[in-house]
Amino acid sequence: MALLTPRWRDWQRPPGLGVEASVFNLVGELSNIPLSILRSDTRLLHDLGIGGDDAMELFLAYSREFHVDLNSFPFNNYFPDESAMGFLWFIERLAAVVGCGGRIRVFARYTPITIADLVVMAEAGNREAAR
């Protein structure tokens, strides 16, 4: 899938931006998605298709820059692994072509995580704050 570029290792929180603006910047810059279409309720997997290694890389940069401990974060509850992403992407495209669904149905078994969730966790510096 490789939505994200190798820039995730180099991404740094922009100086002078607040937490919310910085989280939006992270998601937009690393996924090449225009900030103008991102909203607080945008779901990373369900709306943007960020999953697998891309989600892992985004969360590595997020954890590093916002000091959020994700050691016990149940990643597989929120995102499929990389091997499943290709298959799920194919099923999603097929469903869209025949007009019987899309991301919401294909990714239904995964708990949505939104940009707002990331902001709350970053502000608290602890993923438990988003529960």
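Tutor: Take the pair formed by helix 1 and helix 6, which lie oblique to each other. The model is a predicted one. Helix 1 covers residues 19–31 and helix 6 covers residues 115–124; the two pack at an angle of about 130°, with their axes 9 Å apart. The crossing of helix 1 over helix 6 is right-handed. On the side of helix 1, the contact is made by Val19, Glu20, Val23, Phe24 and Val27. Helix 6 brings Ile115, Leu118, Val119, Ala122 and Glu123 to the contact. By class, the residues of this contact are 8 nonpolar and 2 charged, with no polar ones.

Now helix 1 by itself. With 13 residues at 1.5 Å a residue, helix 1 should span 18 Å, and this agrees with its end C-alpha atoms, which are 18 Å apart. Its buried residues are Ser22, Val23, Phe24, Asn25, Leu26, Val27, Gly28, Leu30 and Ser31. Helix 6 is part of what covers them, and so is helix 2, residues 52–66.

Just after helix 1 comes Asn32, with a positive phi of about 60°. Most residues other than glycine have a negative phi, and Asn32 is a residue other than glycine. Asn32 sits in the loop between helix 1 and helix 2. Its relative accessible area is 49%, so Asn32 is partly exposed.

Helix 2 also meets helix 6. Their axes come within 10 Å and cross at roughly 30°, which makes helix 2 roughly parallel to helix 6. The crossing is right-handed here as well. From helix 2 the contact takes Leu58, Phe59, Tyr62 and Phe66, and from helix 6 it takes Leu118, Met121 and Ala122. These residues divide into 7 nonpolar, no polar and no charged.

The loop between helix 2 and helix 3, residues 75–78, holds His67. His67 is not a glycine, yet its phi is positive, at about 55°. With 66% relative accessibility, His67 counts as exposed, whereas Asn32 is partly exposed.

How values were computed. Residues numbered from 1 in each chain as written. Predicted model: local features only at pLDDT ≥ 70, side-chain atom pairs only at ≥ 80, totals over all residues. Heavy atoms only, no water. Axes fitted to C-alpha atoms, helices over the stretch in contact; angles between N-to-C directions. Helix = DSSP H or I, 4+ residues; strand = E, 2+ residues; numbered from the N terminus. Parallel < 35°, antiparallel > 145°, perpendicular 65-115°, else oblique. Left-handed = near helix turned anticlockwise from the far one by under 90°. Contact = heavy atoms within 4.5 Å. Nonpolar A, V, L, I, M, F, W, Y, C, P; charged D, E, K, R; others polar. Expected span 1.5 Å × (residues − 1). Buried < 20%, exposed > 50% of the residue type's maximum accessible area, 1.4 Å probe, protein only.
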